[in-house]
Amino acid sequence: MDLYSSKIKRVLSKYKFSDVALQELNKIDEEYPGMDTSVGTYTFKDGSQKELLKLNGNLPVKYEGRSYNFPIQLWLIDSFPVTPPICLLKPTAGMMIREGKHVDARGRIHLPVLHNWDHPKSSVVDLLNEMTAKFQAEPPLSSIPEGGEKQNPHELLAYVNKLQISDNAIRHHDHSGHKVSVIGGGDLGMASIMSILAKCKVDKLIFIDVAESSTKGGSTDLEIFRLPNVEVSKDLSASAGSRVVIVTANAWSGEQSYVSVVQSNVDLFKGFIPTLARLNPNAVMLVASQPVDVMTHVAWRQSGLPPTQVIGVGCNLDSERLSHVLDINLNTHKEAWVIGELSDNKVPVMSNTGPGSQKQPEITGFSSTKPLLSRAFDIMKNRGQRSWSVGLSVADLTNSILTDRKKVHSITTLAQGWGGIGVEVFFSLPCLLGMNGSTRLAGVSLGKEDDSKLKDSISSLTNLISQLSI
């Protein structure tokens, strides 16, 4: 590992914490001398590219007495080591990705240490150690072991038979059809059930009333009236194999402190989110619990699922209302979205395309759309978010996932990396939504006032998360 080559020094000098990053790289070299540091161009999901440092090497893992070398690649974004690396498997021609809890179909690695990254307590050496332990328990690649002994062909054929190719990636066949689970009762849970039945084509709709939730209720009536395709259960295992898992449960307590109230919700989530993720590793988890930006962040951390699979209802309702006002009241036939925190700091933005356009939607620049959006926002004032209206929004998002619609919704998602955001924070951004989850649209420059609102939201959300025991 030549950390002092001119090319590496040039790129490293652009890192926000270059001195600390160099110290971390030296520690990696001491513990894992086989990891090679080089420079490459990383392409983010929004299509933007950046020259970054990357680590390449083989991770030695023993499994059932055999030795495997799993090729891995770690991209170090320019805020490393304060933020974690992007970790990928790089299978050779003779290897096949085995999608599981810690590895998605495209080889992206998701581990607890990454989701709970807290430098300087967290380090790449700890990450590689955890990666080794997890891969020993559940190997992420199917390969030819050392010594030349091939896998049992019957086992290999059985495995391959369970796979299908979709979007250039390997995915397991899902025989569950359009199965959806709603976790949590009360008005919002019931509104979601009714709206999904009206809007979506579902083979099975599971309703699980969480006993500890303050929003329980409705399960008895559903059992009495026996709605078609609806199954009521108290067992989380009934959700297994769902395409969409919707969380509406809340645990509001009588505590005086807002932080204590939110913590009660966090504690409630601890009791079922990890189990739901284990039962539904390929599902999209849709959070409607409040406060939605914080609870979606909590659900992502607790589930260990990729951030593309854990989303919140966020500003979808406001965005649909905004588009409707622009279309009907102001005769402007363009899509629009509300982004940011679900609070007074939310910001309206407009698309460059109209409904039904075949073009890839993009966010239009700020200056030309501000007056129109401000007028539309004024018309929207005083429209509250009742349970039934949020339930309709839940059904709208669920339908886009089940039908792989690839419609753009403003939903709560991981905002880190969007528009220069360097911290781990969740709030609403325009995302393409389909059966595999969400993909953010590219960022855009906002006006000074709107940019200030987002920065205020980032500050308040990160401050609240830091006070919670997740």
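User: Take buried as under 20% relative accessible area, exposed as over 50%, and partly exposed as in between. In this predicted model, is arginine 10 buried, exposed or partly exposed?

Analyst: The relative accessible area of arginine 10 is 37%. That value falls between the limits of 20% and 50%, so arginine 10 counts as partly exposed.

User: Which residue meets the side chain of arginine 10 in a salt bridge?

Analyst: The N to O distance in this pair is 3.0 Å, and the cut-off for a salt bridge is 4 Å. The two partners lie 41 residues apart in the chain, with arginine 10 in helix H1 and the other in strand E2 (residues 49–63). The partner of arginine 10 is glutamate 51.

User: How many salt bridges does the structure hold?

Analyst: Side chains of opposite charge can pair when their charged atoms come close. The pair of arginine 10 and glutamate 51 is a salt bridge, and the count for the structure is ten.

User: Where is the lysine that meets aspartate 78 in a salt bridge of 3.3 Å?

Analyst: The lysine in this pair is lysine 16, with the distance taken from N to O. Aspartate 78 sits in the loop between strand E3 (66–76) and strand E4 (86–89), 62 residues apart from its partner. Lysine 16 counts as exposed because its relative accessibility is 55%. Its place is the loop between H1 and H2.

User: What is the N to O distance between lysine 50 and aspartate 78?

Analyst: Their side chains meet in a salt bridge. Lysine 50 is in strand E2 and aspartate 78 in the loop between E3 and E4, 28 residues apart. Lysine 50 is partly exposed at 37% relative accessibility, while aspartate 78 counts as buried at 15%. The N to O distance is 2.4 Å.

User: How many disulfides does a search of the whole structure find?

Analyst: A disulfide is a covalent bond between the sulfur atoms of two cysteines. Cysteine 315 is buried, at 0% relative accessibility, and cysteine 431 is also buried at 0%. The number of disulfides found is zero.

User: How many residues does the largest nonpolar core have?

Analyst: Phe269, Phe272, Leu276, Val294 and Phe427 have the most contacts inside this core. Leaving out residues up to four places away in sequence, phenylalanine 272 touches Ile183, Val210, Leu236, Val247 and Ala249. A second, separate core of 44 residues includes Ile8, Met35, Val61 and Met131. The residue count of the largest nonpolar core is 52.

User: Which residues form a nonpolar patch on the surface with Phe17?

Analyst: Phenylalanine 17 is in the loop between helix H1 (6–12) and helix H2 (18–31), and counts as partly exposed because its relative accessibility is 34%. The patch has about 210 Å² of accessible area together. The residues that form it with Phe17 are Val20 and Val82.

User: Which residues does serine 323 touch, not counting residues up to four places away in sequence?

Analyst: Serine 323 is part of helix H11 (residues 316–329). Serine 323 counts as buried because its relative accessibility is 18%, and the limit is under 20%. The residues touched are Glu335 and Ala336.

Technical notes. Residues are numbered from 1 along each chain as its sequence is written. This is a predicted model: local features need pLDDT of at least 70, side-chain atom pairs count only at pLDDT 80 or more; totals for chains, interfaces and linings use all residues. Side-chain values use heavy atoms; hydrogens and water are left out. A disulfide is a pair of cysteine sulfur atoms within 2.5 Å. Buried means under 20% relative accessible area, exposed over 50%, partly exposed in between (1.4 Å probe, protein chains only). A nonpolar core is a set of buried Ala, Val, Leu, Ile, Met, Phe, Trp, Tyr and Cys residues joined through side-chain atoms within 4.5 Å. Contact means heavy atoms within 4.5 Å. Patches are made of residues with over 30% relative accessible area and no salt bridge: like charges are joined within 9 Å, nonpolar side chains (Val, Leu, Ile, Met, Phe, Trp, Tyr) within 5 Å. Accessible areas come from the Shrake-Rupley method with a 1.4 Å probe; for residues, only the protein chains shown count as cover. Helices (H or I, at least four residues) and strands (E, at least two) are DSSP runs, numbered from the N terminus.
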